[in-house]
Structure formats: structure tokens, C-alpha cells
Amino acid sequence: MTDDRDNPLLAANEAATESELPPLAFPGGDFFRENPLLEAVEALTKPERIQLKQDVVEKDAEGAVTAVVGKEDKRVVLPSLLAQLDAAIHSSMGGNSAGASLAFEGAPLNTAALFQAMKISSQVRDWCYAVKVIPVKNTAADLTAWFNVFSRSNPELEVERYRVKVLHGWASSIRGMLNPPREKDLPDACPVCSATEWWDMKTGAKYSRPLVIRYRPTDEDLVGDAKGFCRSCETVWGARELAYAIEEKAG
Ligand SMILES: [Zn+2]
């Protein structure tokens, strides 16, 4: 015990009595809380780091792939969501005649991207004017300039929370647009309603394989986040849960 007094760290700790400590910035003790508004802005303006599963391949002497021997995690840096949205708009422009049918298929996405980008930039410009920042017609730059002034203006918590919600809404709608969910149907009967067929209300036709798995290829936990859906009884499962239910029923 007596040796502790020789330890400078412990001595310093003892010296810092409660009255000498700086007051907590946020009563309630969340002194180390993150800045949700900054996070929401950066979700749109900072390059995105994602992890993908990539094939591990074997190659011959000429460098041609001869076999896929496994999967490995690969870290990829993507442009910011706003930059990706911008790229999605411009990808529909300057096409040639050979790419006409592809450009046509891509048109709905790019129109959606254009409208989304216009909606965001117009809202960000309004926010800028409200805090007397002159926008420069670059949404990421305007959003950053707005944040720097707005966050120092001691905004009301309700207003700040609403901005955070709007920003996250934009981020998720851009993600949905750039990375639409994929579907894979399953051959099994539904473990809940036992259906092996389903009616499509849109086409009025009957199809087989009612069970479908919906997933996003870039999800970090692809299987964990994937959802199962029965197009006959509209039951929704986690993909693992559905696999288990199918097995239970078969066994
Ligand atoms: Zn069903």
C-alpha cells in the first residue's frame, strides 16, 4: 500500500479532487457523446469505407484465372454518397447508339438520382441562406459550410435533431438507389402457409416458388441482414430464421 505513493499516476489522481475537475459539458454524464449532426453530415460528404467478400483465385503462368479457392475480406474506399449520387446522374449522359438500350434501362435510376440530388441541393441551399452562408452550388461544400456555422450557433436541440433525421434520410435513400436490394427465390414450400405457388396482383398471373430472399450485396453482414419473404402469405423472416423453419418442416 505504501508503495502507491511513489506511483506518479496515482499521486496525480489523488490530487485531482472533484472540485478541480472541469464541469461536464452535458449534464447527465454523456461527456464523451458523439456529435450526431457531424456524423450525419459526414455520412453524405466523406468517402465510404466498406468491406466486401472477394474471390481468392489461382492463376496460371500467363495470369489467367484457373480456379476460385475461397473468399477473403477486402476493404474498399468508395467516393462519398453525394459524389456517388452525382456519378449516377451523369452516367446516363453522353451515351452512344450502341449503348442506347442500356442507357434506356438505366434511365429510371438516373432520373431518380437527378431528382434526389436536386431535392438535397435545394434544401441545403435553404439551410445555408438561413444561417447567412452563400452557397457555391456544390452540395457537399455547401453542407459543410452550413454545418460549420449552424453547429456553432447554439441551435435548439429539436431543430438539430430534425436536421440529423433529414440528413440520415437522404443517406439511406441514396444507398437504396445505388445499391438496390437483390432477390433470390427458393424452391421450398412456405413453412407457414405451405404454399408452393403465389399470385402476382400486378400481372394477375400465378407463379411457382413463393419464398424469396432479399439482400444487399454490399451489406457487411449479408446473411444476418437478409430477409426472407413469402409472396403468398406475406410472412417476413430473417434469412437464418427462414432456413431454420424450412429445415424444421422438412424434418
Ligand atoms: Zn407463406
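This is a predicted model: local features need pLDDT of at least 70, side-chain atom pairs count only at pLDDT 80 or more; totals for chains, interfaces and linings use all residues.

User: What describes two packed helices in general, and at what angle do H2 and H6 cross?

Analyst: Two packed helices are described by the angle between their axes and by the distance between those axes. Here helix H2, residues 36–45, and helix H6, residues 157–178, have axes that come within 9 Å and cross at roughly 25°. Angles under 35 degrees count as roughly parallel, and H2 and H6 are therefore roughly parallel to each other. The crossing in which H2 passes H6 is left-handed.

User: Which residues of H2 and H6 meet, and how many are nonpolar, polar or charged?

Analyst: From H2 come Pro36, Leu37, Ala40, Val41, Ala43 and Leu44, and they meet Glu160, Arg163, Val164, Leu167, His168, Trp170 and Ala171 of H6. Sorted by class, this contact of H2 with H6 holds ten nonpolar residues, one polar residue and two charged residues.

User: Where H3 and H6 cross, what is the angle, and what is the hand of the crossing?

Analyst: The axes of helix H3, residues 81–90, and H6 come within 10 Å and cross at roughly 45°, so H3 and H6 are oblique to each other. Their crossing is left-handed. On the H3 side Leu81, Gln84, Leu85 and Ala88 take part, meeting Ala171, Ile174, Arg175, Met177 and Leu178 in H6. The contact of H3 with H6 comprises seven nonpolar, one polar and one charged residues.

User: How are H2 and H5 oriented, parallel or antiparallel?

Analyst: The axes of H2 and helix H5, residues 139–150, lie 10 Å apart, and the helices pack at an angle of about 170°. Angles over 145 degrees count as roughly antiparallel, and H2 and H5 are therefore roughly antiparallel to each other. In this contact Leu37, Leu38, Val41, Leu44 and Thr45 of H2 meet Ala140, Leu143, Thr144 and Phe147 of H5. By class there are seven nonpolar and two polar residues, with no charged ones.

Definitions and conventions
Residues are numbered from 1 along each chain as its sequence is written. Axes are lines fitted to C-alpha atoms, for helices over the stretch in contact, and angles run from 0 to 180 degrees between N-to-C directions. Helices (H or I, at least four residues) and strands (E, at least two) are DSSP runs, numbered from the N terminus. Angles under 35 degrees count as roughly parallel, over 145 as roughly antiparallel, 65 to 115 as roughly perpendicular and the rest as oblique. A crossing is left-handed if the near helix is turned anticlockwise from the far one by less than a right angle, and right-handed if clockwise. Two residues are in contact if their C-beta atoms, placed from the backbone, lie within 7 Å. Ala, Val, Leu, Ile, Met, Phe, Trp, Tyr, Cys and Pro count as nonpolar, Asp, Glu, Lys and Arg as charged, and the others, Gly among them, as polar.
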